[in-house]
Amino acid sequence: MATIKVGVYRKWLEPVPNDADGNPMPKELWNKNRRHNWAVRWVGNNGKRYGKIFKTKREAERFAHLTQEKVNKGKADRPKNITIKDFRIEHEKILKGQVSQSSYIEHRYTLRLFENFIGETKLLDKIHTCDAEAFIADKLASKKFAYATINKYHRTLKAIFNRAIDREYIDEGTNPFVKIKPRKVTATPNHYVTVKEFLALLDSAKNKLWWKTFISIAYSSGLRRNEIVHLTWKHVDFVNQRIEVSARKGSDNIIPWEPKGRTNRIVPVSEDALKLLIDMQVNTPEGHPYIFISPKRLKRVLERIDEGSWHDRIEVINGMSRDFEVIRENARVTKCTLHDLRRSAITNWADKLPFQTVHKLAGHKSVKTTMDFYLSVRQEDYQKANNILNEMIEAEFQVTPN
């Protein structure tokens, strides 16, 4: 059992000094005449004795107070010695299956990147803030990584080292990435796709029913690209004009998939998009579950899943961004992405619907995400803002009849 009391003691740094007569100085005079540090000592649950040295009594007492709390909780043992390599191997095994495949890949890649920098034999509890700062500085100096990417590495490693604390490999309060502030990133302005531009995109894709339907759903339903790709006929409600976005288990003809944030929701779909879906259904082979994934591609994906060579970072449908860019250029629409169609749909909702409804339809966990990244300022908004002061001034100068 751990000791009830964590002790603070002087740690003498030199032999007992002599007095003026050459005799050993009395013990009651040592404090002022004998150099010393301060030691905190305790016994862990494993029966081992531990100690830590501090230069000042204040530092020692603060540490003793924190350690006493751990003793009371039965967590007073020193962290186990483990190298960054061994921790990374263990972390990969534990994480697999607990999080989405994309999160698993992000953790694995980022931790390996840090391991290569710090050295695989480095003990986990010997990694300090200065090591984390050196890693960030190295990535900044290389000029190969955008600030946003480096901030993502920072967030991921911070989360990984928090897990190391949970597994008692490092002490609480010693996460090397906690005190590092993320780099400020100038946000790239999103392009709001106007109705006129949307119609131009549809016209550019008029001979490509697949793309015309895809663009129409993205702009009217605000779905993410991956959510549209994984749509099945089962999840389209033609009567009530709705689309259900929900997780599905894998089967002989279904790809296992979960929406981002693992949140199911229902979104509206326009009449025009439904008409295009009906046209798509006419050309779909009997019994084929997917709207946008062809039978040939579905077969290949399922084969790779069986082989164990598939993960959700692989594009189910290849070359989508490239093909959309061709449609956009032919439509002579300002440069935008497929995701801008989703953002624009959410902005359109925000103009007519209560914000809490917009947030639910968007499928964001955080309200802040909806506000910060998905509500675009449109040209008409600028014009309205311009007119506000003019209208106020005109109202002030209006002559009220007697």
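Leu375 is partly exposed in this predicted model, with a relative accessible area of 30%, and its place is in the loop between α15 (367-373) and α16 (379-397). Together with Val367 and Met371, Leu375 forms a nonpolar patch on the surface, and the accessible area of these residues together is about 240 Å².

**Charged side chains**

Side chains of opposite charge can pair when their charged atoms come close. The count of salt bridges in the model comes to 17, and the table gives three of them.

| Salt bridge | N to O distance | Location |
|---|---|---|
| Arg35 – Glu14 | 3.6 Å | loop between α1 (30-33) and β2 (36-43); loop between β1 (7-12) and α1 |
| Glu115 – Arg88 | 2.8 Å | helix α4 (residues 101-118); helix α3 (residues 84-95) |
| Arg343 – Asp340 | 2.8 Å | both in helix α13 (residues 338-352) |

Glu115 and Arg88 lie in helices α4 and α3, so their pair ties together parts that are 27 residues apart in sequence. Here Glu115 is buried, with a relative accessible area of 6%, and Arg88 is buried as well, with a value of 11%. Glu115 and Arg88 also belong to a network of salt bridges in which they are linked with Glu92 and Arg112. Arg343 and Asp340, by contrast, are three residues apart within helix α13, about one turn of the helix, and both of these residues are buried.

**Aromatic pairs**

A pair of aromatic rings is described by the distance of the centres and the angle of the planes. The model has 19 aromatic pairs. One of them joins Phe145 and Tyr153 in an edge-to-face arrangement, with 5.7 Å centre to centre and 70° between the planes; Phe145 counts as partly exposed at 23% relative accessibility, whereas Tyr153 is buried, with a relative accessible area of 5%.

The rings of Phe214 and Phe292 have their centres 5.2 Å apart and their planes at 75°, an angle over 60 degrees, so this pair is likewise classed as edge-to-face. Phe214 in helix α8 (residues 209-221) and Phe292 in the loop between α10 (271-282) and α11 (295-307) are 78 residues apart, and their pair links distant parts of the chain. Because buried means under 20% relative accessible area, both partners qualify, Phe214 having a value of 1% and Phe292 a value of 4%. Elsewhere, ring pairs link Phe114, Phe117, Phe135, Phe161 and Phe177 into a cluster.

Strands of a sheet pair through backbone hydrogen bonds, either parallel or antiparallel. In this model, three strands form an open sheet in the order β4-β5-β6, with antiparallel pairing. The edge strands are β4 (236-237) and β6 (265-268), each of which pairs on one side only. Strand β5 (residues 242-245) pairs with β6 in the antiparallel sense over four bridges, and Ile243 stands opposite Val267 in β6.

Technical notes
Residues are numbered from 1 along each chain as its sequence is written. This is a predicted model: local features need pLDDT of at least 70, side-chain atom pairs count only at pLDDT 80 or more; totals for chains, interfaces and linings use all residues. Side-chain values use heavy atoms; hydrogens and water are left out. Patches are made of residues with over 30% relative accessible area and no salt bridge: like charges are joined within 9 Å, nonpolar side chains (Val, Leu, Ile, Met, Phe, Trp, Tyr) within 5 Å. Accessible areas come from the Shrake-Rupley method with a 1.4 Å probe; for residues, only the protein chains shown count as cover. A salt bridge is a side-chain nitrogen of Lys or Arg within 4 Å of a carboxyl oxygen of Asp or Glu. Helices (H or I, at least four residues) and strands (E, at least two) are DSSP runs, numbered from the N terminus. Buried means under 20% relative accessible area, exposed over 50%, partly exposed in between (1.4 Å probe, protein chains only). Rings of Phe, Tyr and Trp (its six-membered ring) pair if their centres lie within 6.5 Å; planes under 30 degrees apart count as stacked, over 60 as edge-to-face and the rest as tilted. Two strands pair if DSSP finds at least two bridges between them.
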